[in-house]
Amino acid sequence: MTDALVVTGLNKRFGGLRAVQDVSFTVKQNETVALIGPNGAGKTTSFHLITGFHRADSGSVLAFGQEVVGLKPHDVCALGLARTFQVAKPFGAMTVLANVMTGAFLRDRHVIAAREKAREAIDFVGLAAREQTPAKDLTTIDQRRLEMARALATQPRILLLDEVMAGLNPAEIDQAVALVGKLSQRGLTIVIVEHVMRAIMAVARHIVVLDHGQKIAEGAPKEIVENPEVIRAYLGSGYAGAGGGAHA
Amino acid sequence: MGKDADNTSKWQVAALATLGMILLLLPQLVSNGFALDIFIRILLFSFIGVAWNLMGGYAKQLSLGHVAYFGLGAYTSTIMQIDFNISPWIGMIAGGFVAMLASLPVGWLCFRLRGPYFTIATIATAQALMLIFLKFRDFAWGAEGTTIPNLGSSPLMMQFETKASYYYVVLGLLVLGLVITWRIERSWMGYYLVAIGEDEDAAEAIGVNAPRIKRHIYMISAFLTALAGTFYVQYIYFIDPATAFSFNISIEAALVSIVGGIGTLWGPVVGTVLLETTSALLQSWLGSSTGGIQLTVYSLILMAIILWRPTGLMGLFNDLWQRHLDRRPARMRTLP
Amino acid sequence: MLETVAQAVINGLLIGGIYALVSIGVTLIFGVVKIVNFAQGEFVMIGMYISYFLATYFGVDPLLSLLVSMPTLFLIGVLVQHFLIRRVLGPNDMPQIFLTFALSLLLLNLALLLFTANYRTVHTSYSDEALHFGGLYIPEAKLIAFVVAMALSGALWAFLHTTDLGKAMRAAAQNRDVATLMGINSNRVFCVAFGAALALAGAAGSLLMPFYSAYPFVGQVFVLMAFVAVVLGTLGNVLGALVASVMMGIAESLGIQFVGADSGLIVVFAMLLLTLAFKPQGLGGGRMR
């Protein structure tokens, strides 16, 4: 398998705070990788650095061999890296269809073609019944679905999902897990930031653990939950139990 | 969608055709100079509002400095006419291009800011431009301004004997503005503009080159605004910095769009009809001597719209229409 | 030459104190309520008219009328926040910008209707007095205005740093969510912030009256200056606004002295444009990603 995303020595400082320190990891094509860690570990900042919303102080991000550090977010998206946001950012005044069409215009400027592509993506995430609903009237999970559809409509090769399952109930998490699985079957490479351990175990083949901006571990899910350093990083924030649970 | 949608669009075409006929015939039916003057003002400010709305309404880049381009258009064509005897028809287009070019550095500075500080920056750049025209006397007649020589009937120099002719010119401008808006609204560009207005980060994330789109729409908006500037000074035969760069024009451009319905095709037109009619009525009741009354009333209308109907009159019409549809017998409605 | 420069610096410093009162108000509202108040200048105008009418009809010294203008404007501020601003707070910029803008238009044009465009002045016993130091002179009215302005700024700073309400305001300015979690009643905090900001504008109006004319458009000069100062001094930062305002006063005064009498505004715009061109990262504080 070829490497889809190669992150090497990524650094970002905000004033005195070293948000991301020398982080490196590799994502193989069609692999699903989870980025985990306690709050403030630098997961979302890493996403911002990879997708051009922040500029890295140093380091490199290669997407299918192309350097993306220094590119603007729209250029990164054009290269085939699409992302969602931790707090969904729908275009509230637009309908679901119009939201997703806006994504589809990246590859095809014709309205009719874009509408077709958009409907496909909306169907895929299961929002077809809501096509004409203004995005601001959607429920939280539907807004997340919309973000995914909008990202998919840009026809990405790598999809970065930032906590798409936060705040969902167990049944909704199952649906979301199934959706991520379906995306992976379609051949997409997925990087996912997530807190819900159950979901991570279900979707990720490889896990990268960040703490205080540094990578403290990486490996298969089974190794990660047994890693003493990971358990120490999570201790006290309530996730040690999650690790222990999987252990048992 | 079926039958309802068909009926709606048939109604729309019929309404549009009727409106077009009325507008074309209006100067033949009304010969009262005062009334024609008001119609011309309504068409002119509708057009300025339409130009503003492209950037301010769809992309929510809330400029209060659009008079900069109005003034540049007015001065470009007047300087060309008086100093070089070039027809204002050519000067109008030239003014549009001057405004387009000027929008590049202004945009470069102002688009670094978001929200209210963008608005302040646009005010400041327009005021700075007015100061330049005030300061440099040899360049453009300084603060006194100049009258534009009256050549009698000279259509090639954009001078006409009857107000009706001016009416048709500005009606043409408004139609141009509406057609451009209609085309943009329905294309990928319209979607991109609204997306930028809703959430610029989210737009960038799905590949929208927000700075470039904003730059382009600002150029189009500036170009159209400049055409209005040329028309206006040709209509009143006079130019000075206080007229050509009047802050009130920036205000009215934004106001008519917000009151009528921000980011809608017809919003600026509807808003202008309401505001200008109100203003004309006030003037005929109170006489024109009472300074401040027009803007006092405008600001009250603006506050009322913002507090109770942020979608403007178009939003109100849509709600009423929707309610009307809901009240119709169930069999006439289509199922979702 | 040196003396001319020194005199210009003195003049600028003194008027800079007034600019500071307006800027601190703008920055306080931006910091706490997160909106830009386009009508701030019109509240300076109201302060001036209050002092003008009290002086003309009741013979009250403008400085004494501070005791009327400040509480009146505080009350107006609370009402404006409670009945108008509160209804448009949210992620959408348009209603916020155009509500305060409409308020500015309304107040300005009401003043035009009620008081006409005439310039109105108040003459006090100290209006023409000046202190002399060698070749330099310091107009008394401006000196008093500067000292009172600094005292009021200091009082506001002390309020923000020592009282519970002031600390709650600073907390709200730093992080709205945390403040709500701490049980701070945000509307009350917003009302006080808006009131305090308007009281400062009112004070600026009263302090100006002994040496400046009142007219409906007078606020626009001050608010433009304040916007630039607040951008220069980083949005939401009280001390920054103060320092920047004084600097602007001095720059403007030097401009008038060496470029020309009506170049004040040009200096302001030049400073704004230079700030935009070279220090954009300090702008839009917190609004930029």
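This is a short tour of a predicted model, chain by chain and contact by contact.

**Stop 1: colour by confidence**

Start with chain A. Its pLDDT averages 88, and 94% of its residues score at least 70. Now pick out two helices of chain A. Helix H3, residues 96-104 of chain A, has the highest mean pLDDT among the elements of that chain, at 96. Helix H10, residues 240-247 of chain A, has the lowest, at 40.

Where pLDDT is low, the predicted coordinates should not be read in detail.

Switch to chain B. Its mean pLDDT is 89, with 94% of its residues at 70 or more. Select residues 331-336 of chain B. Over this run pLDDT stays under 50, and the model has five contacts for it beyond four places in sequence.

**Stop 2: chain B as a whole**

Taken along the principal axes, the C-alpha atoms of chain B fill a box of roughly 70 × 55 × 40 Å.

How much of chain B is buried? Buried residues account for 49% of its 336 residues. Next, consider contacts in chain B between residues at least 6 apart in sequence. Of these, 75% join residues at least 24 apart.

**Stop 3: a helix pair in chain B**

Select residues 267-286 of chain B, which form helix H13, and residues 312-327 of chain B, which form helix H15. The two helices pack at an angle of about 105°, and their axes are 8 Å apart. Angles of 65 to 115 degrees count as roughly perpendicular, so H13(B) is roughly perpendicular to H15(B).

Now show the side chains where they meet. From H13(B), take B:Gly267, B:Val270, B:Gly271 and B:Leu274. From H15(B), take B:Gly312, B:Leu313 and B:Met314. By class, this contact of H13(B) with H15(B) has four nonpolar and three polar residues, and no charged ones.

**Stop 4: where chain B touches chain A**

Bring chain A back. The contact takes 17 residues from chain B and 25 residues from chain A. On the side of chain B, select helix H8 (188-198) and helix H9 (200-205) of chain B. These are the elements that give two or more residues to that side. Which of them gives the most? H8(B) does, with six residues. Colour this side of chain B by class: nine residues are nonpolar, three polar and five charged.

**Stop 5**

**Stop 6: chain C as a whole**

Trace it along the sequence and the pattern reads α-α-α-α-β-β-α-α-α-α-α-α-α. A compact globule of 289 residues would have a radius of gyration near 19 Å, and chain C agrees, at 19 Å. Along its principal axes, the C-alpha trace of chain C spans about 60 × 45 × 35 Å.

Buried residues make up 51% of the 289 residues in chain C. Among contacts in chain C between residues at least 6 apart in sequence, 77% join residues at least 24 apart.

**Stop 7: one glycine in chain C**

Finish on C:Gly47. It lies in helix H2, residues 40-58 of chain C. Is C:Gly47 buried or exposed? A residue counts as buried if 20 or more other C-beta atoms lie within 10 Å of its own. C:Gly47 has 33 within 10 Å, so C:Gly47 is buried.

Now select its contacts, leaving aside neighbours within four places in sequence. They are C:Ser69, C:Leu73, C:Ala201, C:Gly202, C:Ala203, C:Ala204, C:Gly205 and C:Ser206. Last, draw a distance from C:Gly47 to C:Val36, eleven residues apart along the chain. Their C-alpha atoms are separated by 20 Å.

Notes. Residues are numbered from 1 along each chain as its sequence is written. Chains are lettered from A and ligands numbered from 1 in the order in which they are written. This is a predicted model: local features need pLDDT of at least 70, side-chain atom pairs count only at pLDDT 80 or more; totals for chains, interfaces and linings use all residues. pLDDT is the predictor's confidence in each residue, from 0 to 100. Helices (H or I, at least four residues) and strands (E, at least two) are DSSP runs, numbered from the N terminus. A residue is buried if 20 or more other C-beta atoms lie within 10 Å of its own, exposed if 12 or fewer, and partly exposed in between; C-beta atoms are placed from the backbone. Two residues are in contact if their C-beta atoms, placed from the backbone, lie within 7 Å. Axes are lines fitted to C-alpha atoms, for helices over the stretch in contact, and angles run from 0 to 180 degrees between N-to-C directions. Angles under 35 degrees count as roughly parallel, over 145 as roughly antiparallel, 65 to 115 as roughly perpendicular and the rest as oblique. Ala, Val, Leu, Ile, Met, Phe, Trp, Tyr, Cys and Pro count as nonpolar, Asp, Glu, Lys and Arg as charged, and the others, Gly among them, as polar. The radius of gyration is taken over C-alpha atoms; the globule rule is 2.2 Å times the number of residues to the power 0.38.
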